[in-house]
Amino acid sequence: MIVAGVGCRRGTAAAAIAAVIEAALRRAGLGKGALGAIAAPAVKESEPGIAAAAAALRLPLVLISPAELTAAGARAVTRSERVVALMGVPSVAEAAALAAAGATARLLVARIAIGPATCALADSGAAP
């Protein structure tokens, strides 16, 4: 299963989140049908843009607890000091994707940013 981990600034529109997910998929050479879920930190639960993007893509939105985010953050490859200061992890998108995809997940696409949104793709390695 492939998971798109997302992060964004407060108030980011669904179109911006969808655009960064699509860019990450293009970078991996995958179509939208390859995704199994979208993951975001639980603190972003009230962000309507994330929920709307997941709904538009007809994918479940997996909310990652702070503890799960921190644990998966140790496997992130990208580091933003600003994000570490705000969220306690080096990359929200990478940590969310890795946490949702499981303990043996690997990053397919490291964090990319387009405007106010970020996305990383992780593969659980499990058969669909």
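1. Burial. In this note, buried means under 20% relative accessible area and exposed means over 50%, with partly exposed in between (1.4 Å probe, protein chains only). Helices (H or I, at least four residues) and strands (E, at least two) are DSSP runs, numbered from the N terminus. On these terms strand β1 is mostly covered, since 7 of its 7 residues are buried.

2. Basis of the values. The model is a predicted one, in which local features need pLDDT of at least 70 and side-chain atom pairs count only at pLDDT 80 or more, while totals for chains, interfaces and linings use all residues. Residues are numbered from 1 along each chain as its sequence is written, and side-chain values use heavy atoms, with hydrogens and water left out.

3. The sheet. Strands are taken to pair if DSSP finds at least two bridges between them. An open sheet is formed by 5 strands in the order β3-β2-β1-β5-β4, with mixed pairing. Its edge strands, β3 (61-64) and β4 (106-114), each pair on one side only. From one strand to the next, the twist averages 25°. Helix α1 (residues 14-28) packs on the sheet, where it touches β1, β2, β4 and β5 (117-123). The direction of α1 makes about 135° with that of β4; angles run from 0 to 180 degrees between N-to-C directions, and axes are lines fitted to C-alpha atoms, for helices over the stretch in contact.

4. Strand β1 and its partner. Strands β1 (residues 2-8) and β2 (residues 35-41) run parallel and are joined by 4 bridges. Within this pair, I2 stands opposite L35, and A4 stands opposite I38. In a regular strand, side chains alternate between the two faces of the sheet. In β1, I2, A4, V6 and C8 point one way, V3, G5 and G7 point the other way, and all are buried.

5. The nonpolar cores. A nonpolar core is here a set of buried Ala, Val, Leu, Ile, Met, Phe, Trp, Tyr and Cys residues joined through side-chain atoms within 4.5 Å. Which residues have the most contacts inside the largest core? This core has 23 residues, and those with the most contacts inside it are V6, I17, I21, L35, I38, C119 and L121. At least two residues of the core come from each of β1, α1, β2, α2 (48-56), β4 and β5. The most is given by α1, with 6 residues. A second, separate core of 16 residues includes A72, V83, L98 and A101.

6. Contact means heavy atoms within 4.5 Å. Not counting residues up to four places away in sequence, V6 touches I17, I21, I38, A39, A40, P41, I50, V92, A93, T118 and C119. L121 has its place in strand β5 and counts as buried because its relative accessibility is 0%. With the same exclusion of residues up to four places away, the residues that L121 touches include I2, V3, A24, L35, A97 and L108. L121 and L59 are 62 residues apart in sequence and 14 Å apart in space, C-alpha to C-alpha.

7. Helices α3 and α5. The axes of α3 (residues 66-73) and α5 (residues 92-101) come within 8 Å and cross at roughly 100°. The two helices are therefore roughly perpendicular; this class covers 65 to 115 degrees, while angles under 35 degrees count as roughly parallel, over 145 as roughly antiparallel and the rest as oblique. The contact is made by E68, L69, A72 and G73 of α3 together with V92, A95, A96, L98 and A99 of α5. These residues divide into 7 nonpolar, 1 polar and 1 charged, where Ala, Val, Leu, Ile, Met, Phe, Trp, Tyr, Cys and Pro count as nonpolar, Asp, Glu, Lys and Arg as charged, and the others, Gly among them, as polar.

8. Loop residues. S91 touches A76, T78, V83 and R111, not counting residues up to four places away in sequence. R58 lies in the loop between α2 and β3 and is exposed, with a relative accessible area of 77%. Most residues other than glycine have a negative phi. Phi of R58, however, is near 55°, a positive value in a residue other than glycine. G33, in the loop between α1 and β2, counts as exposed at 80% relative accessibility.
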